[in-house]
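Please open the structure in a viewer and keep the selection tool at hand.

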Amino acid sequence: MNLQTFKDRLFAFGSEHGFADMELAYVREEKFACSLFETEIDSYNTSETYGIAFRGLFKGKMGSAFTEKMDEDSVTYLIQEAKENAEVIESDEPEEIFPGSQFYKQPDFFSEKLAQVSIVDKIALLKSTEPFVFEADKRVTAIETFVIQSSEVERGLLNSKGLSLNERKNDFLIALSVVVKENNQIKNGFIVKSTQDFSDLVPEQLARAAVEDGISQLDAKSLKSGDYPVVIRHDAAALLLTAYSSIFSAENVQKGQSLLKDKEGKSIASPLVSIIDDPFEKQGLACRSFDDEGVATSYREIVSSGTLKTLLYNLQTAKKADRQSTGHGYKSSYNSSPEIAPTNFFIIPSEGEGNLVAKVEEGILITGLSGLHSGANTISGDFSLAASGLFIEGGVVKHAIKQMTIAGNFFELLKKIEAVGSDLEFCFIQMGGNCGSPSLLIKELAVTIE
Amino acid sequence: MLAKSVIDDVLEAALSTGGDFSEVFVENRYSNQLALQGGQVEKSLSGREFGIGIRIFKDFQSVYTYTTDDSREGLIKAAKKAAQAIKGEHILQPTSLERQAIESLHPILLHPREVEKKRKVDVMKKTYELAKNYHSSIEQVSIRLFDDEQNVLIANSEGTFVEDQRIRSRLSIQSIASDGIQMQTGGYSPGAFKGFEFFENLNLEHYAFEASRMAVTMLGAEHCPSGKYPVIIDNEFGGVIFHEACGHGLEATSVAKNNSVFANRIGEKVASNLVTYIDDGTLANEWGSITIDDEGERARKNVLIENGILTGYLIDKFNSRRMGMTSTGSGRRQSYRFAPTSRMTNTYIAPGQSTNEEIISNTERGIYAKYMGGGQVNPATGDYNFSVMEAYLVENGKIRKPLRGATLIGNGPETIQLVDMVGKHLGHGAGMCGSESGSIPVNVGQPMIRVSEMTVGGRMGEE
């Protein structure tokens, strides 16, 4: 069955069974991934999948269900399940099927040029990069992972109020992780790049970046634990923002799960901090011209010179707050429940700001963070995270530091930002949205060193 | 789920360019998730996932493709396209298939799809009331209920042809306590390879109270000091520490390519004599249990470390080639969207000789980690980190004040040498483990143990 026929059958069957407004959302994905081990391809994956989500109003409640098969059985299954699900919903907060925004900006998330890069060329990039890894430094002992992935995604939304939206995007990602060893220390060097411009990827540069990342961590020394001025490098800062992006969700605020309650219009961060959500920012991975409720997305200032301008709203939370949706209705996948998430969400770089490390007499440059899924409490704001980094003395980086933890509170940290770098980068992790940040100088953080 | 003649043809088409092994994995899955907040059901979502994964090996090369198109021509086209990644002559014919009946090791009493959603809601409401009314400072309670029916068919060119059904149920409780200024959380998420009977027989009061008690206790907790301390880690989910610190390093995924600190060390002493570390997928009805793995191999009990000596790894079919060792029934994957690789099932430290009282009273000054949060490890270096959800300071052999914001960091292979006391009461805790082949249910477990020294990170600084 094709999509149109499936939608017609589904909506007809739905209205026969008591559904008022209905919506069908779909995602079609094509992926290719390949990895290399010791000059040979060791894995080669391709896929083409479809996912379909149905929502509909049944006796005033929204019922949802999903499937991966467009057949007659699925029509019956979706309607029956959605109906049963609607029947157990008790929340009286009204949900609606959206008739459409007035204006949708035309997306340009699909690169024809990238789509034309052949698999042979993609594999050639892998093969030509590998020798540079071992040439870059004698201390490289192995390549841990070396993988490329390209994907083409089409998402669409059709509803019984006549809304019909769809968009396509593609991207290409390369990830390289190397192992370096000196004396008895083993470290990992890592690089991930995501781009629509294949010619942007230069084998020698990729190899060198990963190796340098590993080498910079060797010869790690211990240091007295205590409170230090800290520069959080752009990539680590973007990860920290990712972990805390959910505090800006109006749903979390309305449910008392974010300390940003009643803070709209108030100062929540250092005046140096401005945060933007831009669904059309090409550097980010989370581009979208409409959200998962069909609302048009747009560029928004979330924090302006330290003041919280707006939270992120979907239709339901906007209605409750008596305002318009900001286009942040989000489902992490067609088989997930709706939530709220940013798109490309980033701290504005401070133009002309030089190297933040030069501003530090004695302190620490944080170059990596881990344990964000468990060590960052978004409700209290408290975090205690494993970190890797370098010792700064007299404004220059001296040496690597053994494994550390940094501990603090995100809400306090936002206020303690003393300088914002000019080096904005987006991280490769998406938790809902895709976050980016320049490097940040923090007055003081508690650091524990192994 | 798919006609035998179609599977035969797909397995053969997959070998058409010289592959030496082919496999078909069919998955038909039904799941339900319900969420309750503020006493009301807010979300209820159900769905069906259906797809087919086709895998081909040629020596040390693995090709994987998956699709939601289950038509005969669609599948043969997919198999042939995948086979194009291999360059060679068609030499091997698949062994003819004969269905192998397997008996599930994990009997199900009440199939989730046969239970009305209203009964599931009742369980959630009961749990909500218990957790909410535990204490006046409990401000919010979220309850999630999840059940899953995964039907799989696995066939390969070596003649394997089996079907299996996995049923899992899980209840997740999150409590938030507030004193008007700050908010603290507590949570508990028990799960099992069981049907609805799991919820009916679960001690809801215990789990609800523990989640809320944790949140309330943390309201009154001080920031954790930092430094090096002996650390006592309680049973059940405390086992997550060795899941991260050792378990991942024993998976063939990193051992086969010499990327693990445990590679090529069978027979060597890698841990304290007190440590015996086991992965056992056969434990009846446990959350991480399986009857067969996702490559059709029988689940088994794998002893990985015995009295400190490394005795084995967790091995899947593909990595078994590079390692020259046989599969240990450890090939697992989240769904047909992932090629399987070596993963854990129920992994635990075997019980030892000490009582909990002995362990605590023998600790002059240290940290007691009662409930662990999640963690992470870098298998290449063995460096790990964990958050502790509920921690206490131990002084003069007594548990003293609660501490919050504690993080444990260290190196797995070093830490496992430093286990100096192992308790008697083994307990398992349910979790989701994310790795190359996706997110899968696993149990972690251990009795109470003590590590003589770990680095503890917190906001209080060194004393």
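**Where the two chains pair**

The model is predicted, so local features need pLDDT of at least 70 and side-chain atom pairs count only at pLDDT 80 or more, while totals for chains, interfaces and linings use all residues. Residues are numbered from 1 along each chain as its sequence is written, chains are lettered from A and ligands numbered from 1 in the order in which they are written, and side-chain values use heavy atoms, with hydrogens and water left out.

Now extend the selection to strand 2 of chain A and strand 3 (residues 61–67) of chain B, which pair in the parallel sense over six bridges.

**The interface**

Next, select both chains. Contact (heavy atoms within 4.5 Å) is made between 75 residues of chain A and 76 residues of chain B. The size of an interface is often given as the accessible area lost when the parts come together. For chain A and chain B the buried area is about 6,200 Å², 47% of it on carbon and sulfur atoms; this is the accessible area (1.4 Å probe) that the two parts lose on being put together, summed over both.

How many salt bridges are there between chain A and chain B? The count is twelve, a salt bridge being a side-chain nitrogen of Lys or Arg within 4 Å of a carboxyl oxygen of Asp or Glu. Select D42(A) and R322(B) to see a salt bridge with its closest N and O atoms 3.9 Å apart. On the side of chain A that touches chain B, strand 2 (residues 40–58) of chain A gives the most, with ten residues. That side of chain A divides into 24 nonpolar, 31 polar and 20 charged residues; Ala, Val, Leu, Ile, Met, Phe, Trp, Tyr, Cys and Pro count as nonpolar, Asp, Glu, Lys and Arg as charged, and the others, Gly among them, as polar.

**The sheet in chain A**

Turn to chain A, where six strands form an open sheet with mixed pairing, in the order 10-9-8-13-19-18. Strand 10 (307–308) and strand 18 (425–431) of chain A are at the edges with a single partner strand each, so one side of each has no neighbour in the sheet.

Select strand 8 (residues 275–277) and strand 9 (residues 300–304) of chain A: they run antiparallel and are joined by three bridges. Within this pair, I275(A) has V303(A) as its bridge partner, and D277(A) stands opposite R300(A).

Then follow the chain from strand 9 to strand 10 of chain A, a hairpin with two residues between the strands. S305(A), in the turn, has a positive phi of about 45°. The bridge partner of S304(A) is T307(A) in strand 10 of chain A.

**The sheet in chain B**

Move to chain B, where six strands form an open sheet of mixed pairing in the order 12-11-10-15-22-21. Its edge strands are strand 12 (309–310) and strand 21 (427–435), each pairing on one side only. Select D279(B) and T347(B), bridge partners in the antiparallel pair of strand 10 (residues 277–280) and strand 15 (residues 346–349) of chain B.

Over all chains, the count comes to 58 salt bridges. Finally, select E93(A) and K320(A), whose closest N and O atoms are 3.0 Å apart in a salt bridge. The two residues lie 227 residues apart, with K320(A) in helix 8 (residues 315–320) of chain A and E93(A) in the loop between helix 2 (72–88) and helix 3 (112–115) of chain A.

Notes: Two strands pair if DSSP finds at least two bridges between them. Helices (H or I, at least four residues) and strands (E, at least two) are DSSP runs, numbered from the N terminus.
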